[in-house]
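We will go from stop to stop, selecting as we go.

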Amino acid sequence: SSPPTPDERTLFFTDRAIYRPGQPIQYKGLSIQLDTERDDYVTLGSRNVHVVLLDPNGREVAKADHVTNAHGSFSGQFTAPEDGLRGAMRLSVSSGPAGSSGAGR
């Protein structure tokens, strides 16, 4: 069998667990390549990452484009919607190294 191909992922870090309507949602992302077979982990610099903020029903409420720096990281901010559904918001990558995170779980 062929060796597994390295997996590319984006990890998210947010500034708090729960957001109230209108509050800023500050986040950082780190795009990495994982080769678990070789125990090799490398950050992905100069990568385009399209991030979306999803409501509890999975509807897009905001989006942003980023390019990772030389260390594979990027940061941004959304504003939690004033109206709409309460509950778990989620950050997700719609284009770029895949990843998602619960913002306000």
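Two residues are in contact when heavy atoms of theirs lie within 4.5 Å. This is a predicted model, in which local features need pLDDT of at least 70 and side-chain atom pairs count only at pLDDT 80 or more, while totals for chains, interfaces and linings use all residues. Residues are numbered from 1 along each chain as its sequence is written, and side-chain values use heavy atoms, with hydrogens and water left out.

**Stop one: Thr68**

Select Thr68, in the loop between strand S5 (60-67) and strand S6 (73-79). Strands here are DSSP runs of E with at least two residues, numbered from the N terminus. Is Thr68 buried or exposed? With a relative accessible area of 3%, Thr68 is buried; the classes are buried under 20%, exposed over 50% and partly exposed in between, using a 1.4 Å probe and protein chains only.

Now show what surrounds Thr68. Beyond its neighbours within four places in sequence, Thr68 is in contact with Ser31, Leu44, Gly45, Ser46, Arg47, Val49, Ser73 and Phe74. Two atom pairs deserve a distance label. A polar atom of the Thr68 side chain lies 2.7 Å from the backbone oxygen of Leu44, and the Thr68 side chain also reaches the backbone nitrogen of Arg47 at 2.8 Å. Both are listed as polar contacts, meaning a pair of N or O atoms within 3.5 Å; within protein, one must be able to donate a hydrogen and the other to accept it, and residues adjacent in sequence count only if both atoms are side-chain atoms.

**Stop two: positive phi**

From the contacts of Thr68, pick Ser46. Ser46 sits in the loop between S3 and strand S4 (48-54) and, although not a glycine, has a positive phi of about 55°. Its relative accessible area is 62%, so Ser46 is exposed.

Next, select Asp39, in the loop between strand S2 (24-35) and strand S3 (40-43). Its phi is also positive, near 55°, in a residue other than glycine. Asp39 counts as exposed at 58% relative accessibility.

**Stop three: the core**

Which residues have the most contacts inside the largest nonpolar core? Select Phe12, Tyr27, Val51, Leu53, Phe78 and Leu91, in a core of 15 residues. S2, S4, S5, S6 and strand S7 (89-95) each supply at least two residues of this core. A nonpolar core is a set of buried Ala, Val, Leu, Ile, Met, Phe, Trp, Tyr and Cys residues joined through side-chain atoms within 4.5 Å. In soluble globular proteins, nonpolar side chains tend to be buried together.

Centre the view on Val51. Leaving out residues up to four places away in sequence, Val51 touches Phe12, Tyr27, Ala62, Lys63, Ala64, His66, Phe74, Phe78, Leu91 and Ser92.

**Stop four: salt bridges**

A salt bridge is a side-chain nitrogen of Lys or Arg within 4 Å of a carboxyl oxygen of Asp or Glu; the count comes to 5. Here are some to select:

- Arg9 and Asp7 have their closest N and O atoms 2.8 Å apart; Arg9 is partly exposed at 40%, and Asp7 is partly exposed at 34%.
- Arg16 and Asp15 pair at 3.8 Å; Arg16 is partly exposed at 36%, as is Asp15 at 36%.
- Asp55 and Arg59 meet at 3.9 Å, N to O; Asp55 is buried at 11%, whereas Arg59 is exposed at 52%.

Terms used. Helix = DSSP H or I, 4+ residues; strand = E, 2+ residues; numbered from the N terminus.
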